[in-house]
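I opened the model today to look up strands, ring pairs and charges over rings. My entries follow the structure.

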Amino acid sequence: MAEIRPFRAWRYNDELAKNIGELTSPLFDVATEKEKAALYGNPRNSIHLSIPGGECPSENASKILRQWKADGYLRRDTNAAIYAYYQYFKLPGDPTRYCRKGFICKIRIYDWDQNVILRHENTMPGPVDDQVALLAATRLNASPTHGLYSDESFELEEFMDASMENPICQAEDHRGTRDVLSVISDAEVIKRFMKILEHKQVILADGHHRYSGSLAYMKRQSLANPKHTGNENYNYHLMWLTNTEAEDLKILPTHRLIWQLENFSETAILNKFADHFTVKPVPNPDIMPEVIAGKLWTFGLIFADNAYQVRLKPDVHSTMKWNFPDDVKALDLTVMHYFIIQKILGIKGSEQSTSPCIKYERSFAACLTEVLQRKVQLALITNEISISEVKTVCSSGCTLPQKSTFFWPKAVCGFVFSSI
């Protein structure tokens, strides 16, 4: 099963780390263009390594990395360690203060068919190629991907809690999430981490493209190295591991926006819905998430002037012709992509991941704005997916539709970097 190991992290020097919040950056898929522009304005922000800009991004990142090392902005820790990483956060409308506990380590890279690291989403070739180019230029994991393991005993949390009594850096982002890092360097404790994980599978929660880039880069390097042993640093990937049994694992829904459909007609679409769904008008679309909450195969359908709750008729579900296991067919997102996006809107399943007619939006408020301002033709509002459903998909060997999960909050870039 999963082999992990400690590593000697590259980190900002002590003086720069005093203001680490000015140097951290969000992941590429959550950073807005406005946020990126502000971060690029800081010449020492980690975004220059994780999401480099310019005409030759990878080469630019490589030059910046060499300069930062030469100037002493980045220094490598003397001893190999595992790094406890906690996130303290709240969710809109929920007064609970959550703490997600995890640790950052190196993990051996496994191909998908080895069933050690499990994916639930497909990747696109372009972003994976970008990651390979960035790895080849910098030989650096600039940010950890997010992996999930299951341990009902919570044995490792005791060691992480003890480490967190002496944090080495912390920062709070503009969304209110507080990120805290500490070091675990005791050799016997690290061995215990390694022992626990060697019996575990790991679900890749976030970072499918970055992990796939590392996998492709490892294959390339191993073929080019006649003395390849499997122990080289390029065989390992930087990952933040958290326990699925904790109550702090939050997966937010990702809604679908539809636009650029030819011969678009609200009336024609509603007539098609009547064949498969019960349709109920919703006078106030502002409350659509509450209207559909917790209801199986139920979605919000929002046009510029009208909104509806649509619920699949139970006897219709058995007509689904996609060749998936029954547990996967039963998922809300499978129902949405088959019965709504394919059968009603006419976008075939094989074309959906690349279709220009589908946009993905995590914010319900943004969905509503886009529709009301007629920037899109309609919005499909869905419930969040549960971690048990993610596990079901992973164990089946299938993958979810594009942009199905949004684990929140995301790991930040800038606390630790790892050489490959």
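**Notebook: rings, charges and sheets**

I began with Phe303, which is buried, with a relative accessible area of 2%. Buried means under 20% relative accessible area, exposed means over 50%, and partly exposed lies in between (1.4 Å probe, protein chains only). The model is predicted, so I note its limits: local features need pLDDT of at least 70, side-chain atom pairs count only at pLDDT 80 or more, and totals for chains, interfaces and linings use all residues. Residues are numbered from 1 along each chain as its sequence is written, and side-chain values use heavy atoms, with hydrogens and water left out.

**Entry 1: ring pairs**

I looked up aromatic pairs next. Rings of Phe, Tyr and Trp (its six-membered ring) pair if their centres lie within 6.5 Å; planes under 30 degrees apart count as stacked, over 60 as edge-to-face and the rest as tilted. By this rule I get 17 aromatic pairs. One of them is tilted: the ring centres of Phe159 and Phe193 are 6.2 Å apart, with the planes at 45°. Phe159 is in helix 6 (residues 155–163) and Phe193 in helix 7 (residues 187–197), so this pair ties together parts 34 residues apart in sequence. Helices (H or I, at least four residues) and strands (E, at least two) are DSSP runs, numbered from the N terminus. Phe159 is partly exposed at 26% relative accessible area, whereas Phe193 is buried at 0%.

Then I went to Phe264 and Phe303. Their ring centres are 6.2 Å apart and their planes at 45°, so I log the pair as tilted. Phe264 is in the loop between strand 14 (255–258) and helix 9 (266–276), and Phe303 in the loop between strand 16 (298–302) and strand 17 (307–312), 39 residues apart. Phe264 counts as partly exposed, at 30% relative accessibility.

I also found a cluster: ring pairs link Phe103, Tyr149, Phe159 and Phe193.

**Entry 2: strand 4**

Is strand 4 enclosed or open? I find 8 of the 10 residues of strand 4 (residues 82–91) buried, so the strand is largely enclosed by the rest of the structure. Two strands pair if DSSP finds at least two bridges between them. Strand 4 runs antiparallel to strand 10 (residues 178–184), with 7 bridges. There, Ala84 stands opposite Ser182. Strand 4 also runs antiparallel to strand 5 (residues 94–108), joined by 8 bridges. Tyr88 has Cys99 of strand 5 as its bridge partner. The hairpin of strands 4 and 5 has 2 residues between the strands, and Gly93 takes a positive phi near 80°.

**Entry 3: charges over rings**

I count a charge as over a ring if NZ of Lys or CZ of Arg is within 6 Å of the ring centre and within 35 degrees of the ring normal. The charged end of Arg178 sits over the ring of Tyr88, 4.4 Å from its centre. The charged end of Lys359 sits over the ring of Trp259, 4.3 Å from its centre.

I traced an open sheet of 6 strands, in the order 15-17-16-19-14-18, with antiparallel pairing. Strand 15 (277–281) and strand 18 (358–361) are at the edges with a single partner strand each, so one side of each has no neighbour in the sheet. Strand 14 pairs with strand 19 (residues 378–381) in the antiparallel sense over 3 bridges. Ile258 has Leu378 in strand 19 as its bridge partner.
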